[in-house]
Amino acid sequence: MVKSFPFYIKAPIILLGLVITVFIMSVLRDVFIPLAFAALIATLLNPLSNRFERRLPKVISIMLSMLIAILVLFGVMYFLSSQIAHFFDNIDAMRQKLSELLHTLQQWLEKQFGITDKKQVEMLNEAANNSKAVIGQTLNGVLGILSVVFLIPVYTFLMMLYKTLILNFIYEVFSEENKLKVGEILSETKAAIQSYIIGLLIETSIVAILNSAALLILGVQNAILIGVIGAILNLLPYIGGIIAIALPVLMATLTTDGYTTQLLIVAAYAFIQFVDNNILVPRIVSSKVQINALISIVIVLLGAALCGVPGMFLSIPFIAVLKIIFDRIDGLKPWGKLLGDTVPTEHMGQLKRLRRKRTIVAKEKS
């Protein structure tokens, strides 16, 4: 039996593999992003397609399930577009209020820090010049998203069509004695991904309703649009929640006088976040996959650095899939525990027992 390598040899090999993997993903992100979205959508639509296959041919079943998904997506987009149209109804009043706020801010900066209006204009012009590259990257990203939108349906259809071929390939890659284990991992991973995505959709819908209701009660303009956008941003752990609160606060600042509404918005969103984190997520989402806060923030930032906004949305499902796999492979279970949010309580007890055992052994030797 071959002795396993010590940790100080395995650790550099693992780090080198991670660096190579990240580099490949960064270089080929335009290929991986649509494939990743297509894989998630194909996994989600697979049960619906299987039901249709009981009475219809496979190709027609896949096309029908994809058609239903596209109709739902267009329904959501139509709803959002109608809300966006209402957003521009009061654009002139908001523009005037924004100008007043900027003028007040300029006076405050000049009074507190001695920065003259001319100097402030120069600083803004310099910032605008520096942001041209960022704007260019954003436009390139938009064009990339448009191309991805056309690729994702094609990839999704082909993945669902060749599902059996892909699964057979995965089975045949591993040895005969590991095929049963591979089958269990694939089956459990598929079920967990499906329930996880459905849980996220349910959670997002509930948060959107709560956000919109709170903003409507507080009289914030474009409440439904901002509430839905906030619920979508809530998919990004912690970072998205901060942006989601900033949007209605900014809208209230542009459309109302005083700061009472802004404080009520912060209080309402804090309550909604409390309900989401302590009731919705544990019962709907975290019952499927549990990722701790530290890993969530780090993986979202890494996803943004590698693949931009799509990487931020893909990061959590990606790490969730990794955790599912790690939890079901004996050699990778410590990594699964590291990704999870279960904090062990027996570590100190085990450490004390180990020290006590070493003390006893040392006394016996002496």
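Trainee: Among contacts in the chain between residues at least 6 apart in sequence, what percentage joins residues at least 24 apart? After that, please go through helix H8, where Thr204 is found.

Mentor: This is a predicted model, in which local features need pLDDT of at least 70 and side-chain atom pairs count only at pLDDT 80 or more, while totals for chains, interfaces and linings use all residues. Residues are numbered from 1 along each chain as its sequence is written, and side-chain values use heavy atoms, with hydrogens and water left out.

The percentage is 65%, where contact means heavy atoms within 4.5 Å. The chain has 14 helices and zero strands (DSSP runs numbered from the N terminus, H or I of at least four residues for helices and E of at least two for strands). Read from the N terminus, the order is therefore α-α-α-α-α-α-α-α-α-α-α-α-α-α. Of the 366 residues, 27% count as buried (under 20% relative accessible area, with exposed over 50% and partly exposed in between, using a 1.4 Å probe and protein chains only). Carbon and sulfur atoms account for 70% of an accessible surface of about 24600 Å² (Shrake-Rupley method, 1.4 Å probe).

Now to H8, which spans residues 179-217. The axes of H8 and H2 (residues 29-52) come within 9 Å and cross at roughly 95 degrees; these axes are lines fitted to C-alpha atoms over the stretch in contact, with angles from 0 to 180 degrees between N-to-C directions. H2 and H8 are therefore roughly perpendicular, the term for angles of 65 to 115 degrees. On the H8 side, the contact is made by Lys190, Ile193, Gln194, Ile197, Ile198 and Leu201. H2 contributes Leu40, Thr43, Leu44, Asn46 and Pro47. By class, the contact has seven nonpolar, three polar and one charged residues (Ala, Val, Leu, Ile, Met, Phe, Trp, Tyr, Cys and Pro are nonpolar, Asp, Glu, Lys and Arg charged, and the others, Gly among them, polar).

Thr204 also lies in H8 and counts as buried because its relative accessibility is 15%. Neighbours within four places in sequence aside, Thr204 is in contact with Ala231, Ile232 and Leu235.

The loop between H8 and helix H9 (223-233) holds Asn222. Asn222 is not a glycine, yet its phi is positive, about 55 degrees. With 14% relative accessibility, Asn222 counts as buried too.

Notes:
Parallel < 35°, antiparallel > 145°, perpendicular 65-115°, else oblique.
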